[in-house]
Structures are given as structure tokens and as C-alpha cells.
Amino acid sequence: MDTGRVRKAPENFLDAEGIRRAASEYRQGRRDFLRGAFAAAAAAGAVGSARAQSAGDRNILELPEHSKGLGQAVATDGYGKPSKYEANVQRRQSPGLTQTRQASVSFAPLQSLFGIVTPSGLHFERHHQGWWDIDPSKHRLMVNGLVKSAKVFTMDELMRLPSVSRFHFIECGANTGMEWGNVAVPTCQYTHGMLSCSEFTGVPLITLLEMAGADLNKGRFVLAEGGDGSSMTRTIPMDLVRSGEVLVAYGQNGEMLRPENGYPLRLVVPGVQGVSWIKYLRRVEVGDQPWGAKDEAVHYVDLMPDGTHRQYTSLQECKSVVTTPSGGQVLLDKGFYSITGLAWSGRGKVRQVDVSVDGGRNWRAARLQEPVMSKCLTRFSLDWVWDGKPAIIQSRARDETGYVQPTYRQLRAVRGTRSIYHNNAIQSWLVEESGEVKNVQLG
């Protein structure tokens, strides 16, 4: 059976001019603001593929230079970097959301990644007032409120305590938010890229509260406060802290946190939207009621169909997305393809992922790639032979609680069409007869 070839999504070919053009078209109000720039960039990628076909396989018949001489010296770069041939695999800002650079967001290139771990340098960013590179020798964490005695920890003190390391996903509550009303962006990076997964290392928050003598009966909530200019603050229910899952983390993927992700200290709240994962964590206060901070009373609330706001809906429900084939990619041949993607749930483990290639009329169970961990990304795949006819590819995840990812029709029946946060509806990718893959919505 012939194996089909996939032309990469246009992000892999975008240059600075393409990004400027996309931003310009967006400002002019074009709904397909990325399409024009992407078309030119993707065409450049197609030329390379065609050239390789027509020139024959000289790459195996002729001995390349790297087989005939010495390579570069050991440790030329003290900190390794990706190949220059992967230079376009980058987190990217959306032209429609980058009017203020320090209060902006970048999207992880999900369509170009393997497995479940997001490289730290490609982890999505969301800032409310820019990022800082804070001197860890001067950084402090204070625990106060309903405690016997307020405590202040240095980084050295925190890092001498017994630590744990766990893999967890983090997703911005606004991920896929632009798609609530209709199709808005063309590719997987922009529809779902406010999502990443890392191994986080740190100290369970409950350990620090116990060291401070926190009143765990009266103290039903904690307030986490960040040390950046926005003083981001969020209320965390004590039940989550008691579970031991909430970490005061300094490590990410085997090294210290990156500055863009909260170096030297951030809160890790598995299964909960990213805004609660306070970066540059400097204070935790124990209290008996929610604080109603601005980013939980005014922002990050759900707009319901009747115009009211729903607060404190931080849980990230079960969700999935096919990353290949996905928007902007092109299937160049009929034949075999491995449909693959990611699934996750804030309630625990992913139990099953079903995939449809006919718009949801028929479903097949996908393979789940080990390990399958709680509140972590799960990679899935399904074998598929494309016959060259139009197809609509979807994935539908179910978690261990029995919760099933909804269709857009089901989600909008409850939440309407004008919300921003917590869109976990089933994503649809249309494969046209030409092989071009487009973002569409059904129902």
C-alpha cells in the first residue's frame, strides 16, 4: 500500500514578510486574513517537494559532504538548539490578538510536535504585562493568612524540600475561543495552540501550608499572587490543595522554568485553566472565602446565552484535536495516512478517543499511545486510507468519568455563541478533493 505524503501547514514556511502581510490583512478586516500570506508560503514548500520527486534520488546515490569529513566540535553551543531546518517550528502570535505585545499570547505549533511533551522553548505564552527574568537569589515566597505564623521561603529553602515531578497539560481558558461563533482561523496552531504539556517539578503546596500551620478547616481557599507588574491573583479551592496535586514548581522538563513561563517559581494547578497557574509566584494567602480578584470576577468568566456571567468555572473539560491532517496541510497522494492528535481532560485520564472521517456519521476507536496519565495530554492515532474523495475528519474524546466531548450543536445549546472561554467542542477538518485541509464547523 502506498504511503501518502503530507505538505506541512503554512506556519512551517512563514517568513517575516508573510507575518507582516497577515497582520495587515487582518487590520483591513479580512476574515481570511491568514490565507493570502499562507498561500504564498505554502507554495514555496510545495516547490521543494516537487523538485525532490523530479530530480531522482541523488541523496542516496551520491555521498554527501557530511559523510566525508569532520563535523563541528563538541559543545560548540553550551546550550543546544534545534536544527536550522526546523527553524520555522515556532510559537507564533496571532495577528488578531497582538495589538499590545506585553498583554498578548503565543500559540504552540501542535501540528509539528510528536508525543505529548511540549519543548520548553515552544510552550505557549500568555502574559498580562510582559515577562521578567527574575533573580532567584532575591525571589521570596510568603505564606500568610489563616496560619499560625506567616513564613517566607527563599528559593534555596524551597529546593531543599522533598520534591515531586509530574506530567500535566496546561491550557488557556480562551483556547479555541475565537471559534465560538464560527470558523475564524485556518490552522491547528491558531485554533488549539494555547495548549502545552510538560513535566513539572516542585513542592506540593500543602507541604508549605502545613509548615506554616495553616488552618485547613477554616481555610477553604488560598489566594495565589504573582510577582509581575499585573500582580495576577487567583483564588484556588482548598480541596485542590488538599489533594496534593497543586505544586509550587521551579522545574520544567528537567531544567529550571523558562522566564516566559514564570521563572523562578510558578503554581501548577493540574486540570485547571492556565490563568490559575500563577507565574513568578510570590505569595499564598489562606482564607475562608473567594477573593473575587479582577481576573476571576470580571475576566475569565463564561458569557451565558441570557447575557449573565458564570464565574469560577476553571476546570478544563475533556477535549481533543486532530493535529495531522489539520488545517493548512495538504495531502499530496491517495493512500495510507496515520491520523494523529491529542486528547486531554481536567477531570483525570482520557479513557477513549473515537475518530470519524465522514463528519461524525461513523466512528472508529483510535489507539491511545502510552503513557496515559491523569490531567496530561494523551497522543492518539488511527490508520486511514484516503481514496481521494472529500472527507471530514473529527476526533471525540471521553474521560474516565464518562464525560464525552460535545459537538458544537450540543455546546451552543447550553452556552450560546458569544462566549470566549472553555470551548471544548469537536473540531472538524475538511479534506478537499485537491488534498487541501480546511477548518470547518458542523452543526
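Me: Contact means heavy atoms within 4.5 Å. Leaving aside its neighbours within four places in sequence, what is Leu 265 in contact with in this predicted model?

Reply: The model is predicted, and in it Leu 265 has heavy atoms within 4.5 Å of residues from several stretches of the chain, namely His 139, Leu 141, Met 155, Leu 158, Val 248, Ala 249, Tyr 250, Leu 257, Ile 278, Lys 279, Tyr 280 and Leu 281. Leu 265 itself belongs to the loop between strands E11 and E12. Its C-alpha is 9.3 Å from that of Arg 140, although 125 residues separate the two in sequence.

Me: What is the relative accessible area of Ser 112, and how does it stand against the cut-off?

Reply: Ser 112, whose place is in the loop between strand E3 (106-107) and strand E4 (140-145), has a relative accessible area of 18%. That value is under 20%, so Ser 112 is buried as well. Leaving aside its neighbours within four places in sequence, the residues with which Ser 112 is in contact are Asn 12 and Val 89.

Me: What makes strand E10 mostly covered?

Reply: Of the 6 residues in E10, which spans 247-252, 6 are buried; because buried means under 20% relative accessible area, each of them falls below that limit.

Me: How do you know that E10 pairs with other strands, and which are they?

Reply: Two strands pair if there are at least two bridges between them, so the bridge counts decide the matter. Strand E7 (residues 195-204) is joined to E10 by 5 bridges, strand E12 (residues 266-268) by 3, and strand E11 (residues 255-256) by 2. Each of these counts reaches two, and therefore E7, E12 and E11 are each paired with E10. The strands run antiparallel in the pairing with E7, as they do with E12 and with E11. Individual partners can be named: Gly 202 is bridged to Ala 249 in E10, Leu 247 stands opposite Val 268 in E12, and Gln 252 stands opposite Glu 255 in E11. E10 and E11 form a hairpin in which 2 residues lie between the strands, and Asn 253 in the turn has a positive phi of about 55 degrees.

Me: What makes E16 and E21 the edge strands of their sheet?

Reply: The sheet is open and has 4 strands in the order E16-E18-E22-E21, with antiparallel pairing. Strand E16 (319-324) and strand E21 (367-368) each pair on one side only, and this is what makes them edges. In E22, Ser 381 is the bridge partner of Arg 367.

Me: How do you know on which side of helix H9 its buried residues lie?

Reply: The buried residues of H9 (residues 408-415) include Tyr 408, Leu 411, Arg 412 and Arg 415. They cover an arc of only 95 degrees around the axis, and therefore they lie on the same side of H9. Strand E14 (302-303) and strand E15 (309-310) are among what covers the buried residues of H9. The face turned away from the buried side carries Arg 409, Ala 413 and Val 414, which are exposed; exposed means over 50% relative accessible area, so these residues pass that limit. Just after H9, Gly 416 takes a positive phi of about 75 degrees.

Me: What kinds of residue make up the linings of the largest cavity and the second largest cavity?

Reply: The largest cavity has a volume of about 260 Å³, and its lining of 23 residues divides into 9 nonpolar, 8 polar and 6 charged. Arg 126, Arg 266, Gly 274, Val 275 and Lys 279 lie nearest its centre. The second largest cavity, of about 50 Å³, is lined by residues including Leu 110, Phe 114, Thr 118, Leu 342 and Arg 379, and its lining divides into 8 nonpolar, 2 polar and 1 charged. Arg counts as charged, so Arg 379 belongs to the charged class.

Notes:
Residues numbered from 1 in each chain as written. Predicted model: local features only at pLDDT ≥ 70, side-chain atom pairs only at ≥ 80, totals over all residues. Heavy atoms only, no water. Buried < 20%, exposed > 50% of the residue type's maximum accessible area, 1.4 Å probe, protein only. Arc of directions from axis to C-beta. 1 Å grid on protein atoms, 1.4 Å probe; cavity = no way out; pocket = protein on both sides within 12 Å on 5 of 7 lines; lining within 4 Å. Points joined across faces, edges and corners; volume = space filled by probe spheres on them.
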